[in-house]
Structures are given as structure tokens and as C-alpha cells.
Amino acid sequence: MPKVYARRRLSLVAAFAGLIAMVGLFNGPAASAALPTPVSAATARTYLASLTVATEDRTGYDRDLFPHWITISGTCNTRETVLKRDGTNVVTSSACAATSGTWYSVYDGATWTAASDLDIDHLVPLAEAWDSGADSWTTAQRQAFANDLTRPQLIAVTDNVNQSKSDQDPAEWMPSRTAYACTYVRAWVQVKYYYDLSVDSAEKSKLTSVLSGC
């Protein structure tokens, strides 16, 4: 075989292999939740060390004390904004409702094509925030917390997974995808630190344990 032809053939093979690799990338998870990137593990460890440790008391908690899914822009509320952010090829109606798209739930690794299969999780639950200091906040402060798109606090995930999490902290519940554990606890600590919320002893122990492996 002539050397020039051989070189050309090798170049074509290499190019084809590269194309296959690119196709593989595009055929991975159809969408990955775009949670704002949490602080590093090192920063999270520093933040955690500064948080107040206190016993939780949910006396007086009511979800309605945290006005949520407020209007963000035009006809879009917080839920719809997160669905559009976290999905791929999301199409919305004139009322900003997601009519089609693809969503990858990082908690459990499931992929969904119907917005009705997704909940918007408050990563630090509203009841947990109440237990940890939000009981002394104003309504405006609680509204800001419940609709925070800047911190890693809101994420679109499988609805029944979010419901199984409910208001539990990391000592009681963690995402089933262990690959997401570090991101989850880094986000949890960042949110608690930003809002000056306390942690209980079991919660701090779990957070410390997970962060030590990040």
C-alpha cells in the first residue's frame, strides 16, 4: 500500500473515531440540572466550622410563611424558570408552562420528558430553614429564601424522590446517586452559611463525614 494512501486512510480513521466520540458525548444524559455551582469542598468545610450548632424546634412552622413560586419575569414564576434552566430543548407556552423538553434528575439519575414528573426541590427545605433560624425572619426574607435562584438552593428533580426527601437534612436523607453527594453537601453548607442558619449535631456530623471525602 502506498505510504501516502496509508497516511490518508489513518487520518480518515482517526477523524471517524473522533466523530464517534462526539456522538457518544451527545448521547449521554439528555439534560443535567444547572444548579448554580456550589463552593468548593475546602470552602464548605470552612463554612461548616463556623455554623452555630443548635437543637431544632419546628414549633409554629407553616409552609405558607414562605411565599414561593413568585413571578420572576413576564409570565414566568420560579418553578417555570428553574424548569427552563435545568432542562434541554424546553418549549414553553405563552403562559411560560413547559410543554416539552428533557430533564435529567441528578438525585436519582432518571430522565424525564414531562414537566409534571418533576418537582423543584428546595435543597435546604423550608421547614429545615424554619428550624434553623428562619422563624425569626421577616416574610420578605423567607420569600427571598424560597425563590433563591442565585445560591445553589433550587433544582428540578424527580417528583417522588423530592417527596421522599421531604424536609429531612443530610443526616436523614441523601441523594441515591452517590456521585452527587459532594455537590449536594457543598450546596447545603453554602446555603446555610449564606443565610446564617444553624445545624444540629447529627447534621453537622454527616456533613463533616461527606465533605472529608470530597
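1. Strands, as counted here, are DSSP runs of E at least two residues long, numbered from the N terminus, and helices are runs of H or I of at least four. The model under discussion is predicted. On that numbering, strand 6 gives the most to the lining of the largest pocket, contributing four residues.

2. The largest pocket has a volume of about 230 Å³. Its lining comprises 15 residues, of which R63, D121, H122, N162 and S166 are the closest to the centre. At least two lining residues come from each of strand 6 (118-122), helix 4 (126-131) and helix 6 (159-165). By class, the lining of the largest pocket holds six nonpolar, four polar and five charged residues.

3. Helix 7 (residues 181-194) and helix 8 (residues 201-212) have axes that come within 9 Å and cross at roughly 130°. Helix 7 is therefore oblique to helix 8. The crossing of helix 7 past helix 8 is left-handed. On the helix 7 side the contact is made by A181, C182, V185, R186, W188, V189 and K192, and on the helix 8 side by E203, L207, V210 and L211. The residues of this contact are eight nonpolar and three charged, with no polar residue.

4. Helix 2 (residues 41-50) also packs against helix 7: the two axes come within 9 Å and cross at roughly 45°. That angle makes helix 2 oblique to helix 7. Here, too, the crossing is left-handed. A41, A44, Y47, L48 and S50 of helix 2 meet R186, V189, Q190 and Y193 of helix 7. This contact divides into six nonpolar residues, two polar and one charged.

5. For helix 2 and helix 8, the axes come within 10 Å and cross at roughly 160°. Because angles over 145 degrees count as roughly antiparallel, helix 2 is roughly antiparallel to helix 8. Helix 2 passes helix 8 in a left-handed crossing. The contact joins A41, A44, R45, L48 and A49 in helix 2 to K204, L207, T208, L211 and S212 in helix 8. Its residues are six nonpolar, two polar and two charged.

Key
Residues numbered from 1 in each chain as written. Predicted model: local features only at pLDDT ≥ 70, side-chain atom pairs only at ≥ 80, totals over all residues. Heavy atoms only, no water. 1 Å grid on protein atoms, 1.4 Å probe; cavity = no way out; pocket = protein on both sides within 12 Å on 5 of 7 lines; lining within 4 Å. Points joined across faces, edges and corners; volume = space filled by probe spheres on them. Nonpolar A, V, L, I, M, F, W, Y, C, P; charged D, E, K, R; others polar. Axes fitted to C-alpha atoms, helices over the stretch in contact; angles between N-to-C directions. Parallel < 35°, antiparallel > 145°, perpendicular 65-115°, else oblique. Left-handed = near helix turned anticlockwise from the far one by under 90°. Contact = heavy atoms within 4.5 Å.
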